[in-house]
Amino acid sequence: FTASFSITTQGTRRVFSDPKYHHRSPDVFISSPDPETIYVNKPGTSWQEFFATLPSPMQLTSDCLTTGTGQRFCTGSEGSLRFLLNGGENPSALSQPITPNSKLEITFD
C-alpha cells in the first residue's frame, strides 16, 4: 500500500528527488517518480522506521529534524517542529504505524 509525507521548514518544502533517498529498504521506501509517496511492503511499519531508512545526516525525532544537507531544526526559541497526521496535530505521529493512504506533514516554523 502507499502513504505520503511532506516536510516544510520555515516555508521551504523539502524535496526528496535525490536518488540517495530512493529504495533504501525492501519494507518501506520512496522512489523517483513521486518522492513524497511511501511504498509500504511490511504492514505495521512506523513512520519512525521509515525515516530511519533515509541516509545520514537525515534524522528525525519528535523534537529535532536534521536534513540530508545537515541543517538542524529543533523545537526551541527559533520555532517548533510539528507533526500533522491525516490533517490533525499528532505529537506522537512518529511512533504510529503507517496506514494505507495516510499522510504525515512535518513542519518547522
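## Strands S6 and S7

Strand S6, which covers residues 64-66, pairs with S7 in the antiparallel sense over 3 bridges, where two strands are said to pair if DSSP finds at least two bridges between them. Strands (E, at least two residues) and helices (H or I, at least four residues) are DSSP runs that are numbered from the N terminus. In this pairing, Cys 64 stands opposite Cys 74 in S7. Strands of a sheet pair through backbone hydrogen bonds, and they do so either parallel or antiparallel.

The model is predicted, so local features need pLDDT of at least 70 and side-chain atom pairs count only at pLDDT 80 or more, while totals for chains, interfaces and linings use all residues. Residues are numbered from 1 along each chain as its sequence is written, and side-chain values use heavy atoms, with hydrogens and water left out.

## The sheet around S6

Strands S5, S6 and S7 form an open sheet of 3 strands in the order S5-S6-S7, with antiparallel pairing. Strand S5 (59-60) and strand S7 (72-74) stand at the edges and have a single partner strand each, so one side of each is left without a neighbour in the sheet.

Which residues does Cys 74 touch, not counting those up to four places away in sequence? They are Asp 63, Cys 64, Gly 79 and Phe 108, where contact means heavy atoms within 4.5 Å. Cys 74 lies in strand S7 and is partly exposed, with a relative accessible area of 24%; on this scale buried means under 20% relative accessible area, exposed means over 50%, and partly exposed is in between, with a 1.4 Å probe and protein chains only. Cys 74 and Ser 62 are 12 residues apart along the chain, and their C-alpha atoms are separated by 9.0 Å.

The loop between S6 and S7 holds Thr 67, which counts as buried at 4% relative accessibility. Leaving aside neighbours within four places in sequence, Thr 67 is in contact with Arg 14, Pro 57, Met 58 and Phe 73.

One of these partners, Pro 57, is found in the loop between helix H1 (47-52) and S5. The peptide bond that leads from Ser 56 to Pro 57 is cis, with omega near 10°.

## Strand S8 and its partners

Strand S8, made of residues 81-85, is mostly covered, since 4 of its 5 residues are buried. S8 is joined by 5 bridges to strand S10 (residues 103-108), and the two run antiparallel; within this pairing, Leu 81 stands opposite Phe 108 in S10. S8 also pairs with strand S9 (residues 88-89) in the antiparallel sense, over 2 bridges, and here Leu 84 stands opposite Glu 89 in S9.

S8 and S9 form a hairpin with 2 residues between them. Asn 86, in the turn of this hairpin, has a positive phi of about 55° although it is not a glycine, and Asn 86 is exposed, with a relative accessible area of 52%. A further residue with a positive phi is Asn 101, where the angle is about 65° although the residue is not a glycine. Asn 101 is found in the loop between S9 and S10 and is exposed, with a relative accessible area of 67%.

## Strands S1, S3 and S4

Strand S1 (residues 2-9) pairs with strand S4 (residues 37-40) in the antiparallel sense over 3 bridges, and the bridge partner of Thr 2 in S4 is Tyr 39. Strand S3 (residues 28-29) likewise pairs with S4 in the antiparallel sense, over 2 bridges, with Val 28 standing opposite Val 40 in S4.

## The chain as a whole

Along its principal axes, the C-alpha trace spans about 40 × 30 × 20 Å.

Buried residues make up 45% of the 109 residues in the protein chain. Among contacts with a separation of 6 or more, 53% are accounted for by residues 24 or more positions apart.
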